[in-house]
Amino acid sequence: MNHYQKRRQEVSKTLEDYGCFISIANDLVIKSADSHFPFEVNKNFFYLTGINQDDSVLLIIKTKDIVKEIIFIKDIDPVMEKWVGTFLPFEEAKNISGCAQVLPLSSLQSTLNRLITRTPIHKLYLDHHKNEVNAQELAMDRFMKKAFSHVSLPVVLHQHVIHQMRAIKSPEEVEAIKAAINVTKDAFEHLLRVKKSLTHEQHIQATLEYSFKMNSASPGFDTIVAAHKRATILHYVENNQKIESDALVLIDMGSKLNHYSSDISRTFPHQQTFTPMQKKAMNVVLDAMEVVFQLCKPGTPLKALNQAVLDFYKVRLVEEGFINHENEVNQVYYHGVSHFLGLDIHDVGQYDDTIIQEGHVITVEPGFYIESLNLGIRIEDNILITNNGYENLSQDIIKRVEDIEAFV
Ligand SMILES: [Mn+2]
């Protein structure tokens, strides 16, 4: 049984008899005129099938004695293939997914009709959530309108079940994340070697992303290259300014390789060395990381990590003179210290009231930001929770003041 089969089996255990689980791959989204945004697969669908093609559908049908799985993929269209490239062959889809029944999408509606009238299924379990935040119509909404316009069956929103599964990484997934981290490491070291000749933020972005592409990877998210006071804007992605000579440069980057992403932040001086003030600030953040690492073990509430950073800063930032009073902490540190990492950058998983477990992969990314000092520092590593502690998956990417100065 391959990973995808095992995962589908897990899902099938959560269904009642005469239930049908549905996950879809997403459709292509129009950008303008006849062009589309690059296809982005629904990560849950990919997690359960290994298939990365638009307009694909997975059904898991559970009746009294048997579980049946069917995957639908686009009918091969030889004319379209001349324009947009090869469609996924049916045999290959079977091999990847380990699903014996892979059928053409054109037979989906008749299959559904048969299921409803003959099996008959009583309940639908959708890989979907209620999108109440912005009320945007999602691919599943469109699918349901089209496929079930003539019947109404009770619907259960089942997305959280797959999200819970995805939060615990298998050894193979951890290897995939490590591979992405390695590409990011190479990119950062290459950058440090050539950075003397780079004068603008966009040069740094281009240099990092050049390395990603040369390693068959791509940016997992919009690369942030923020120098000087621009580093105090957390998601600054314009990356288009000349770098001031005495500036610190904050980069938040992550290559994506085979669908898994890394998410690494580093801060370094534009010149060859840090100023004394920059050095002092760097060491505060590096020490905050160590405080968080000590809590990275099964049983710690996820919330405790951020609280630990706040408690540490309340003392240390005052001691070092970066703030006057502990109640100013929120003005210089205004994001959380951790998120899950995996198929998505801000990966799925339950965030509220979560207890850290073995197999979680999280980021640890303290920072602080003081505009009047033209200072923004964030340092981020990717951490695997093990049975009794943690493994820092990105420990080989240099981050300490003396190591960066020695390297350049
Ligand atoms: Mn991050």
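I looked up the side-chain directions in strand 14: Ile264, Arg266 and Phe268 point one way, Ser265, Thr267 and Pro269 point the other way, and all are buried (under 20% relative accessible area; over 50% is exposed and in between is partly exposed, with a 1.4 Å probe and protein chains only). Strand 14 covers residues 264-269 and is mostly covered, with six of its six residues buried. I note that this is a predicted model, in which local features need pLDDT of at least 70 and side-chain atom pairs count only at pLDDT 80 or more, while totals for chains, interfaces and linings use all residues. Residues are numbered from 1 along each chain as its sequence is written, and side-chain values use heavy atoms, with hydrogens and water left out.

Helices (H or I, at least four residues) and strands (E, at least two) are DSSP runs, numbered from the N terminus.

I then checked the pairing of strand 14 (at least two DSSP bridges between two strands). Strand 11 (residues 248-253) runs antiparallel to strand 14 and is joined to it by six bridges. Aspartate 252 stands opposite serine 265 of strand 14.

Next I examined helix 5 (residues 108-118), where Leu108, Thr111, Leu112, Leu115 and Ile116 are buried. Seen down the helix axis, the buried residues fall within an arc of 130°, so they line one face of helix 5; the arc is that of the directions from the helix axis to the C-beta atoms. Thr117 and Arg118, on the other side of helix 5, are exposed.

Finally, I looked up threonine 300, which lies in the loop between helix 10 (276-293) and helix 11 (302-319). Threonine 300 is buried, with a relative accessible area of 7%.
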